[in-house]
Amino acid sequence: VNNNNNNNSSSQFLDGELPPVHPPPAAGNVQITSINPHALHSAQDPKECFEVMHAPPSSSIFDPRHDRPVSTNSFSTRAHVHKNALWHCSVHIWIVDRSSRSILLQKRSMKKDTFPGRWDISSAGHVEAGKSLTETARSECAEELGMEVQESELKLAFVIPAEQASMGGCNAYEHVYFLVREAASARFALGTSEVTDVSW
């Protein structure tokens, strides 16, 4: 995985970049437009290729701020990786309202192969072989929410090895990014094959 982010950039966000907290946006107060030109036609592609990672070491604790996944130098399809609970990489984008610090949640489509119909973080997706983390993060925001995101806006905060294959998910190193927006002016165009609703 090509990680072209400066890991230290997250410290400014975590240490108080945002202004004082204000009341959260009213429930359901999300502006959604009808057309997303970036939306995918299917919820996922079982043939997309992932880089397979080593499982987290059992002999030590994985440090989310400093440790990173280690490649096995092998690749496999999404279907094979999920079926065999192999470790791979994903990106998670947490969209935060600047005023209230509320986080945007998305409701996953019933067509998704992991956690269908569940509420989830703002935007997320697997990292395909040959793509960088930030490239994937930008693509997921566009495909799922109709958002155009600049690479400079994305702040890598930490990486979590999430072992969820036995719970209806998959085993992935989740690279978590923070993205600050104004809820009052934010507009979303849902990629309905993947996302059916959003809420602050």
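A residue is called buried when its relative accessible area is under 20%, exposed when over 50%, and partly exposed in between (1.4 Å probe, protein chains only). The model is predicted: local features need pLDDT of at least 70, side-chain atom pairs count only at pLDDT 80 or more, and totals for chains, interfaces and linings use all residues. Residues are numbered from 1 along each chain as its sequence is written, and side-chain values use heavy atoms, without hydrogens and water.

**Aromatic pairs**

Rings of Phe, Tyr and Trp (its six-membered ring) pair if their centres lie within 6.5 Å; planes under 30 degrees apart are stacked, over 60 edge-to-face, and the rest tilted.

| Pair | Centre to centre | Angle between planes | Type |
|---|---|---|---|
| W94 and F178 | 5.5 Å | 85° | edge-to-face |
| F188 and W200 | 6.3 Å | 55° | tilted |

W94 lies in strand β4 and F178 in strand β9, 84 residues apart; strands are DSSP runs (E, at least two residues) and helices likewise (H or I, at least four), numbered from the N terminus. W94 is partly exposed at 24% relative accessible area, whereas F178, at 6%, is buried. Both F188 and W200 are buried. A cluster of aromatic residues is formed by F62, W87 and Y173.

**Helix α3**

Helix α3 covers residues 133-145. Of its 13 residues, 10 are buried, so the helix is largely enclosed by the rest of the structure. Its buried residues pack against several strands, among them β4 (88-97) and β9 (171-181). Just after α3, G146 has a positive phi of about 70°.

Notes. Expected span 1.5 Å × (residues − 1). Contact = heavy atoms within 4.5 Å.
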